[in-house]
Amino acid sequence: MKFSRKKYSDDALVGLYESLLRPRLIEEKMLILLRQNKISKWFSGIGQEAISVGIAAALDPDDYILPMHRNLGVFTGRQVPFEKLFAQWQGTPGGFTKGRDRSFHFGTNEHHIVGMISHLGPQNGVADGIALASLLKDERRVTVVFNGDGGTSEGDFHEGLNVAAVWDLPVIFVVENNGYGLSTPSNEQFRCKSFVDKAIGYGIEGVQVDGNNVLEVYDTVKKLSESLRDKPRPVLLECLTFRMRGHEEASGTKYVPRELMEQWAQKDPVENFESFLLKEKIIDDKAVAGLRKKIKKEIDEGLTHAFAEHHPVPDTALELHDVYAPFEPLAPAPVGATQSEKRFIDAISDGLRQSMERHDNLVLMGQDIAEYGGVFKITDGFVAQFGKPRVRNTPLCESAIVGAALGLSIKGMKAMVEMQFADFVTEGFNQIVNNLAKTHWRWGQPADVVVRMPTGAGTAAGPFHSQSNEAWFFHTPGLKIVYPSNPYDAKGLLCAALEDPNPYLYFEHKALYRSVKEMIPDDYYTVEIGKAKLVSEGSDLSIITYGMGVHWAREILATMPDVQADVLDLRTLLPWDQAAVKMTVEKTNRVLVLHEDTLTGGVGAELAAWISENCFASLDAPVMRLASLDTPVPFAPTLENNFLPKVHLKAKIQELLKY
Ligand SMILES: Cc1ncc(C[n+]2csc(CCOP(=O)(O)OP(=O)(O)O)c2C)c(N)n1
């Protein structure tokens with residue numbers, strides 16, 4: 001292996017060597033502890049250390065790095081204290097996640113590291129968001145995100161690169177090409193000869209380095225990062241290397257040809273660099289021994305601390321408490337006397353515009369939302385008022401954009417992502433349920449993101465532009481869900497959601513956009529999250545519903561003058577208002593839960609179960625549910641009408657009253 005020391009001083013080279021030794025010596029110790037059954041799983045990066053170490057050393061300490069499972073050198077390079085790192089691996093309280101997540105699955109803003117979620121690829125979108133925030137704040141920062149060669153087959157890799165290319169984001173997308181993804185060799189993973197060829201397709205620069213040569217990695221990243229600070233743009237950096245141990249220790253390396261192992265053993269990054277330093281007399285045997293001894297001592301001290309800790313004592317209240325970032329809503333701004341008549345859609349637009357005025361760190365992202373104003377025109381005129389940097393057209397890539405929203409949040413910004421239709425959230429599903437929803441609970445990082453979801457049927461738009469999919473998210477701890485039914489709530493709930501640092505799904509029914517209007521305050525105001533509202537009162541039965549259901553209930557009840565019903569509009573689905581539900585059930589003793597979403601496993605199922613469990617003594621009849629047919633949403637208006645529950649509502653009310 002050839003090392004070119006350029007103009008680097010002896011001290012700099014010895015520093016790099018010491019940084020290289022750290023992860024190697026920690027790993028050697030971990031392999032012993034694994035055999036002694038003192039630790040659980042281990043993903044080894046032996047043989048690949050030069051990449052993490054070279055990159056961490058080349059960047060500024062404030063540049064964010066998003067590592068993977070073999071990048072111990074990033075953590076040691078950023079001086080994460082050993083005892084804290086080891087406690088994290090042991091799942092003890094001294095770690096970064098209160099024992100809630102394992103190994104490298106954590107972030108630390110103090111060290112400018114955002115660790116992975118198991119799904120690998122989502123890191124790329126998050127890196128885009130961090131880089132975007134640095135650009136918007138004019139910080140001259142570079143963001144580095146790691147990928148394995150296997151992980152590059154994920155759509156998230158493509159989306160992340162493409163967004164960075166289109167937005168000129170200063171991100172170095174590192175591919176550690178180590179020959180295998182678990183047991184799958186490269187030739188079963190991708191067809192390209194090398195990853196730099198992929199860069200061409202994105203219209204970005206691709207650079208290839210010997211990933212086992214720490215000086216080459218360091219020097220390349222140093223130069224690249226300086227250049228990206230001056231001229232922000234993404235670069236794909238392919239680091240050629242090899243995985244010298246199993247995917248994780250238990251899985252072994254039987255499937256790897258022995259010659260390949262032997263060939264790469266010759267290229268060991270630590271031994272080769274050490275030999276170079278010895279040969280050049282930059283360091284001597286005594287210094288090598290001294291450094292090893294010093295690091296081993298640090299490791300032993302860290303382990304003593306970590307092993308002295310015990311697994312956390314479960315505290316259920318704390319576990320539940322940490323699902324959401326703490327948030328004390330400000331008292332709603334005083335509302336002036338003036339009001340204007342606004343349609344549902346205008347109210348959303350109004351709330352969004354006033355939130356943009358109020359939060360200068362709020363960024364809007366979505367397909368066609370800039371000059372075009374969005375397919376429903378909610379952001380019409382926003383570019384003129386707020387400028388394109390904050391009102392951003394996105395490529396067609398929901399996953400990268402939701403990831404980018406989290407990245408913005410990590411940098412202290414707020415994000416709103418407009419799904420063009422709620423149906424398309426499937427493409428960003430993983431980022432929502434696994435990244436946005438879990439990040440605060442895992443490592444205390446709020447996801448200050450609102451995802452707007454134009455939802456619902458009744459517009460003859462067929463199975464992929466009409467779905468109600470709130471139940472997919474209702475089941476996910478960590479998310480909040482609001483679903484207004486009228487213009488007043490539409491504005492107030494949106495403003496409230498945008499204030500709250502927690503991740504929201506904001507459902508807006510398309511069929512209400514232009515069909516309902518009312519006088520609402522011109523000033524900024526919020527509607528309290530988690531509070532239902534009784535929209536009509538009666539003692540015969542309670543209809544508990546939300547969104548379009550509120551309108552159906554009122555319309556059908558208007559045709560039944562003899563029936564007096566409580567209609568409770570939930571407004572927030574997660575967390576929903578149990579007190580208000582209990583109160584109406586205790587008052588009327590008969591309950592119908594109504595929603596547009598399909599029946600099985602819907603929000604209504606949860607409410608019905610909860611009411612049965614908690615209000616059984618108040619019930620004079622079984623809790624009934626009415627929802628759409630358990631089919632996809634049909635296109636033809638006749639079929640769609642038959643699918644929706646409204647046609648059965650009157651009969652259901654009568655059935656409940658007769659019971
Ligand atoms: C979405 C997803 N699919 C599958 C896995 C299981 N898995 C974890 S790591 C891995 C191999 C990754 O290979 P590569 O990206 O080349 O990284 P390496 O392990 O070689 O460093 C697989 C299949 C996963 N974590 N996430």
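Mentor: In this predicted model, the largest cavity is lined by Val 114, Gly 115, Met 116, Ile 117, Gln 123, Val 126, Leu 406, Asn 435, Thr 439, Arg 442 and Trp 443. Two elements give two or more residues to that lining: helix H5 (123-136) and helix H17 (439-443). H17 has the largest share, three residues. By type, the lining splits into six nonpolar residues, four polar and one charged. The volume of this cavity is about 60 Å³. The structure holds three cavities of 30 Å³ or more.

Now the open space. The largest pocket has a volume of about 430 Å³. It is lined by 23 residues, and Phe 327, Pro 329, Lys 480, Asp 500 and Ile 529 are the closest to its centre. Helix H12 (316-321) and H19 are the elements that give two or more residues to the pocket lining. That lining divides into 14 nonpolar, three polar and six charged residues.

Asn 502 counts as buried because its relative accessible area is 1%, under the 20% cut-off. Its side chain makes a polar contact of 2.8 Å with the side chain of Asp 500. A polar atom of the Asn 502 side chain also lies 2.7 Å from the backbone nitrogen of Ala 325. Beyond four places in sequence, Asn 502 touches Tyr 324, Ala 325, Phe 327, Ala 447, Val 449 and Lys 480.

Another asparagine, Asn 177, is in strand E5 (residues 171-177). Asn 177 is buried too, because its relative accessibility is 10%, again under 20%. Leaving out residues up to four places away in sequence, Asn 177 touches Asp 149, Ser 186, Phe 190, Phe 195, Glu 238, Cys 239, Leu 240 and Thr 241.

Next, the nonpolar interior. In soluble globular proteins, nonpolar side chains tend to be buried together. Here the largest nonpolar core has 154 residues, and Phe 273 and Met 365 touch the most other members. Helix H1 (residues 10-35) gives the most to this core, eleven residues. A second, separate core has 58 residues, including Phe 386, Val 550, Val 563 and Leu 592.

Finish with the backbone. The peptide bond from Leu 574 to Pro 575 is cis, with omega near 0°. Pro 575 lies in the loop between strand E21 (572-574) and helix H21 (578-588). The loop between H21 and strand E22 (591-598) holds Asn 589. Asn 589 is not a glycine, yet its phi is positive, near 65°. Arg 140 also has a positive phi, about 55°, without being a glycine. Its place is the loop between H5 and strand E4 (143-148). Arg 140 is partly exposed, with a relative accessible area of 45%.

Conventions. Residues numbered from 1 in each chain as written. Predicted model: local features only at pLDDT ≥ 70, side-chain atom pairs only at ≥ 80, totals over all residues. Heavy atoms only, no water. 1 Å grid on protein atoms, 1.4 Å probe; cavity = no way out; pocket = protein on both sides within 12 Å on 5 of 7 lines; lining within 4 Å. Points joined across faces, edges and corners; volume = space filled by probe spheres on them. Helix = DSSP H or I, 4+ residues; strand = E, 2+ residues; numbered from the N terminus. Nonpolar A, V, L, I, M, F, W, Y, C, P; charged D, E, K, R; others polar. Core = buried A, V, L, I, M, F, W, Y, C linked by side-chain atoms within 4.5 Å. Buried < 20%, exposed > 50% of the residue type's maximum accessible area, 1.4 Å probe, protein only. Polar contact = N/O pair within 3.5 Å; in protein donor to acceptor, adjacent residues only side chain to side chain. Contact = heavy atoms within 4.5 Å.
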